[in-house]
Amino acid sequence: MSSSSYTPVSHVLFDMDGLLLDTERLYTVSFQEVCDRFGKQYTWDVKSSVMGKKALDAAQFIRDTLELPMTAEELLAETRQIQEKIFPSAKLMPGVEKLIKHLKKNSVPIAVATSSAGVTFELKTKNHKDFFALFDHIVVGDDPDVKNSKPQPDSFLVCAKRFDPPAPPEKCLVFEDAPNGVKAALAAGMQVVMIPDDNMNRSLTREATLTLRSLEEIQPQLFGLPQFD
């Protein structure tokens, strides 16, 4: 991989679900449990479309696409009950801890921009408090400054502005696992490394600046960041 096609950055922004934490798997478990009752399948095609959306928008899309006999609000309430039990079991994805600690050690400013609402964020990170304390700041999905959810760029732009001093978008590198998140990062004028799930249709990964199978494969020096020791 030559670094000629990449521009050096100074700040790094991370999505959370499916990128830092293995929560996307847990979302699948919760939605499939409800779908099972109606003989419906929560497929990867449906899942790829809602990843990175705010919870109610996602529930509405799932309800409409799978023609579930319930409102989006009911679907959300049911899946939330399941998620409350399983989210605290979320684990860090491979390569995450090594990369974050490396960036932190080298004084690279890092932050999280997630579509998860504050309450859900607390549930998911319950057993990873020390890890999430390493980030300069965290922007959640129901942050009042985030007017529109991904694929709109709001979440990443707000996140970049909160660095002290604020980071210019072109100096930010985003890590994402979702097509909507990749679109949001590009719309914000940022480069984006995508780590898609193996089940995702490869046509949904083409827009990313760089696509990797796992965070363990990242070479930070490609983007002008300190390389691993």
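Is Gln191 buried or exposed? In this predicted model, Gln191 is buried, with a relative accessible area of 11%. The cut-off for buried is under 20%.

**Gln191**

Gln191 sits in strand β5, which covers residues 191-194. Its side chain makes a polar contact: one of its polar atoms lies 2.8 Å from the backbone oxygen of Thr7. Thr7 is also among the residues that Gln191 touches, leaving aside those up to four places away in sequence. Tyr6 and Val9 are on that list too. So are Cys172, Leu173 and Val174, along with Thr209 and Phe223.

**Trp44**

Trp44 belongs to helix α2, residues 44-50. This residue is partly exposed, at 23% relative accessible area. Beyond residues up to four places away in sequence, Trp44 touches Met51, Asp197, Asn199 and Met200. Met200 is 156 residues from Trp44 in sequence. In space, the C-alpha atoms of Trp44 and Met200 are 6.6 Å apart.

| Residue | Relative accessible area | State |
|---|---|---|
| Gln191 | 11% | buried |
| Trp44 | 23% | partly exposed |

**Helix α8**

Helix α8 spans residues 154-161. Six of its eight residues are buried, so the helix is largely enclosed by the rest of the structure. Those buried residues are Asp154, Ser155, Phe156, Val158, Cys159 and Ala160.

What covers them? Among the covering elements are strands β1 (11-14), β2 (110-113), β3 (137-139) and β4 (172-176). Helix α9 (179-187) is also part of the cover.

Conventions
Residues are numbered from 1 along each chain as its sequence is written. This is a predicted model: local features need pLDDT of at least 70, side-chain atom pairs count only at pLDDT 80 or more; totals for chains, interfaces and linings use all residues. Side-chain values use heavy atoms; hydrogens and water are left out. Buried means under 20% relative accessible area, exposed over 50%, partly exposed in between (1.4 Å probe, protein chains only). Helices (H or I, at least four residues) and strands (E, at least two) are DSSP runs, numbered from the N terminus. Contact means heavy atoms within 4.5 Å. A polar contact is a pair of N or O atoms within 3.5 Å; within protein, one must be able to donate a hydrogen and the other to accept it, and residues adjacent in sequence count only if both atoms are side-chain atoms.
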